[in-house]
Amino acid sequence: MCIRDRSYPQHITGSIIHDLNKDCATDTADAPLNYWQVKVESDQYLRIKTTDSKGHFNFSVPKGTYTVSTQPINANWDVCEPAFDITIDENNTSANRAFLVNGLRDCADLTLDFSTPLLRRCFDNYYSVRVRNTGPEASDGTV
């Protein structure tokens, strides 16, 4: 049995942004961060989503009071304000929040994921390899 999320007309949206000058204020030079997790929770509601390729998130929520939060993906990052309280009601049917994130170290941090499903002899088998930079700086010369 598949249980689907209900779609509500109210939304909590936002983004996670790399605060390049580390002043905890949004600037035009700041860059979005993709694939970070964002959590929206209340007494009766809990959802966790990952930011898209442009650093955005979108939750469809019922009316209520929520805490929206994110955590650093590793020790190379710090979140300026890791949680916001938001009330969604008749007067406020949507809310938009940006999480500003500072890099603590000037380095790249490459992670490697390698997986394969069940291997079968005499059949084509597939391997999945993913290399991802989870550090604040770009990874130069990675092949």
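Is Tyr66 buried or exposed? In this predicted model, Tyr66 has a relative accessibility of 2% and therefore counts as buried, the cut-off being under 20%.

A search of the whole structure finds 6 aromatic pairs, and two of them are set out here.

| Pair | Centre to centre | Angle between planes | Arrangement |
|---|---|---|---|
| Tyr45 and Tyr66 | 5.5 Å | 80° | edge-to-face |
| Phe57 and Phe99 | 6.2 Å | 45° | tilted |

Because Tyr45 lies in the loop between β3 and β4 while Tyr66 belongs to strand β6 (residues 64–70), their pair ties together parts that are 21 residues apart in sequence. Tyr45 counts as buried at 8% relative accessibility, and the charged end of Arg47 sits over the ring of Tyr45, 4.5 Å from its centre.

Phe57 lies in strand β5 (residues 56–61) and Phe99 in strand β9 (residues 94–103), so this pair ties together parts that are 42 residues apart in sequence. Phe57 is buried with a relative accessible area of 5%, and Phe99 is buried with 0%. Phe57 and Phe99 form one aromatic cluster with Phe59 and Phe84, and the charged end of Lys49 sits over the ring of Phe59, 5.2 Å from its centre.

The sheet comes next. It is open and consists of 4 strands in the order β4-β3-β6-β8, with antiparallel pairing. Since β4 (46–50) and β8 (83–88) stand at the edges with a single partner strand each, one side of each is left without a neighbour in the sheet. The twist averages 20° from one strand to the next. Strand β3 (residues 37–41) is joined to β4 by 5 bridges, and Val38 stands opposite Lys49 in β4.

Conventions: Residues numbered from 1 in each chain as written. Predicted model: local features only at pLDDT ≥ 70, side-chain atom pairs only at ≥ 80, totals over all residues. Heavy atoms only, no water. Pairing = 2+ DSSP bridges. Helix = DSSP H or I, 4+ residues; strand = E, 2+ residues; numbered from the N terminus. Axes fitted to C-alpha atoms, helices over the stretch in contact; angles between N-to-C directions. Phe/Tyr/Trp six-rings, centres within 6.5 Å; stacked < 30°, edge-to-face > 60°. Buried < 20%, exposed > 50% of the residue type's maximum accessible area, 1.4 Å probe, protein only. Lys NZ or Arg CZ within 6 Å of the ring centre and 35° of its normal.
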